Amino acid sequence: MSVMPVVGIDDLAIYVPKLYLDYKDFAEARGIDPQKLEYGIGIKKMAIADTNQDSACMAANACLKLMQKNHLHPEDIGRVYVATESSLDESKAMNSFVIGMLEQIYGEGSFEHAGGIECKFACVSGSYALYDNANWIRAEENNGKAAIVIVSDIAKYDMGSTGEYTQGAGAVALLIRENPRLMAYDPKVPSTTIKNEYDFYRPFGKETPLVNGSYSNLLYLISVRKAFDLYKEKAIKTGLIKLKDGESITDHIDYFAVHLPYRKMGEKALAYLLRHEWRHLPRWKHVIKEIGMQEPQPKDPRGTIESILADTEFMKADEQFRRAFMQTSFYNEVYEKKMASSLEASAIIGNLYTASMYMGLRSLLEFEFKKGIDLEGKRIGFGSYGSGSSAMVFSGIIQPQYKEVVSKMNLDEDIGPRQKLSMEEYERLHRNERTFKDSVIRAHKEFVLVRLGGNTADKAGFREYNYVS
Ligand code: CAA
């Protein structure tokens with residue numbers, strides 16, 4: 001029997017637009033307590049795309065960085081996938097635009113031998129794309145070539161809505177190959193859930209999503225927890241993780257990286273998961289003792305998400321219990337050790353939809369390394385969520401060569417100098433009052449949109465990009 005190749009993430013590169021909105025300006029303009037944004041949501045700066053930027057050029061910018069820093073040429077790459085929920089065309093895939101941009105650098109037709117598609121399932125699609133490409137390499141159909149998966153999005157909500165303070169923009173390009181330097185996927189354990197839901201969606205032609213905020217939060221938690229249950233079953237069955245009496249599977253996961261629509265959601269997801277995993281273990285009585293109250297139960301524990309949300313007495317008590325749990329030494333030990341570093345980037349960039357969990361991974365690696373921790377052999381557990389809805393839980397092990405990649409990571413340098421927008425400038429951008437020809441910043445060493453539509457009807461929808469050197 002042939003041995004399955006070890007496959008995973010070898011390196012990653014990020015692109016973040018240079019404009020941002022400061023939380024204090026935003027809070028003042030909307031009459032919100034800035035403390036709510038800083039601590040209740042966990043946002044300080046939201047990246048805002050310029051008029052000549054879209055998800056395709058952000059994706060190409062991240063991909064070019066990834067290729068340049070790894071001295072990769074198109075012939076080294078067999079697949080370029082883009083996962084996004086900021087699609088530009090109903091038919092033409094975003095990766096075709098990206099290939100067009102990359103070929104301005106590497107030569108016309110230089111990617112012709114490769115393949116790839118655009119993937120959609122709200123924020124989870126990048127995780128599916130990564131896994132499908134990892135399996136393409138494991139199946140040894142890659143002819144020695146690597147795959148690049150780019151996750152790229154602009155999170156834009158209605159002005160004045162509660163979603164407006166969870167905006168952001170950016171892209172992450174990930175290099176997938178055999179014997180990766182960064183992280184190897186744990187095989188046979190990825191687990192998914194899927195259900196037809198309307199927690200967050202964006203009908204055709206609408207620029208901003210329709211959101212049921214509290215429903216989406218609870219659905220995220222429940223979906224990831226269900227996928228985690230399936231992951232646990234597989235991890236035990238395959239012998240990947242061996243549980244001793246009184247242990248939780250979370251004890252065998254060194255780091256958690258989860259979908260981050262906003263920083264606080266990561267903290268809440270960890271709390272929900274730990275409560276679920278610990279409540280039947282001996283340690284729970286010590287947790288309850290520290291909290292000083294019993295865990296509340298919904299009137300109908302087998303009810304729907306709607307019935308749980310409508311059970312206001314339970315919801316109130318559960319909020320109180322969750323907050324108290326998040327104050328315990330038990331939660332805080334896990335949070336500080338296993339999650340906090342992954343949330344740093346989210347607070348200064350904002351929501352990146354498909355890219356948010358991978359920006360979290362990048363943040364986790366950089367800031368844990370800067371603490372001087374030896375990361376070799378550590379297991380990262382991922383909780384990916386996409387509204388609509390699907391969750392994917394998987395894990396990977398940090399590889400011996402990780403230092404080669406992680407020691408060069410510097411978030412501030414990678415983001416580059418940024419320009420703060422006034423609320424007035426931000427609102428003009430939000431209302432699309434400036435065209436792509438009237439960008440706020442003059443682009444430098446990056447791809448931008450230079451033409452939209454042609455002079456004739458058959459060129460409608462054409463998008464032309466240029467690399468500005
Ligand atoms: N100081 C400190 N904290 C404060 C505060 C103050 N003065 N005032 C309020 N807060 C706290 C609240 O107590 C609350 O904290 P907890 O979460 O610990 O309870 C927090 O600020 C948020 O406040 P609200 O509960 O009042 O929530 P909101 O009305 O501001 O809405 C939201 C928050 C639902 C996330 C909204 O921003 C939203 O709809 N966002 C878009 C949807 C979304 O991101 N959903 C996430 C799951 S779906 C998904 O993940 C897919 C995706 O990418 C969109």
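Visitor: How many residues surround the ligand, and which are the closest?
Guide: 29 residues surround it, and the closest are Lys36, Thr162, Tyr165, Lys268 and Arg323. A residue counts as near if one of its heavy atoms lies within 4 Å of the molecule.

Visitor: What should I know about the model and its numbering?
Guide: This is a predicted model, where local features need pLDDT of at least 70, side-chain atom pairs count only at pLDDT 80 or more, and totals for chains, interfaces and linings use all residues. Residues are numbered from 1 along each chain as its sequence is written, and side-chain values use heavy atoms, with hydrogens and water left out.

Visitor: Back to the ligand. Which atom of Lys36 is 2.7 Å from a ligand oxygen?
Guide: An N or O atom in the Lys36 side chain. Thr162 has a polar backbone atom 2.7 Å from an oxygen atom of the ligand, and a polar side-chain atom of Asp33 sits 2.8 Å from a ligand nitrogen. The cut-off for a polar contact is a pair of N or O atoms within 3.5 Å.

Visitor: Switching to helices: at what angle do α3 and α4 cross?
Guide: Roughly 45 degrees, with the axes of α3 (residues 55–69) and α4 (residues 94–106) coming within 9 Å. That makes α3 oblique to α4; angles under 35 degrees count as roughly parallel, over 145 as roughly antiparallel, 65 to 115 as roughly perpendicular and the rest as oblique. Axes here are lines fitted to C-alpha atoms over the stretch in contact, with angles from 0 to 180 degrees between N-to-C directions. Helices are DSSP runs of H or I with at least four residues, strands are E runs of at least two, and both are numbered from the N terminus.

Visitor: Which residues meet there?
Guide: Among them are Cys63, Leu64 and Met67 in α3 and Phe97, Val98 and Met101 in α4, contact meaning heavy atoms within 4.5 Å.

Visitor: And how do α7 and α11 cross?
Guide: The axes of α7 (residues 263–278) and α11 (residues 329–338) come within 11 Å and cross at roughly 125 degrees, and the two are therefore oblique to each other. The contact includes Leu270 and Trp278 of α7, plus Phe330 and Tyr335 of α11.

Visitor: Last one: which peptide bond is cis?
Guide: The one from Gly388 to Ser389, with omega near 0 degrees. Ser389 is in the loop between β13 (379–386) and β14 (390–398). Most peptide bonds are trans.

Technical notes
Polar contact = N/O pair within 3.5 Å; in protein donor to acceptor, adjacent residues only side chain to side chain.
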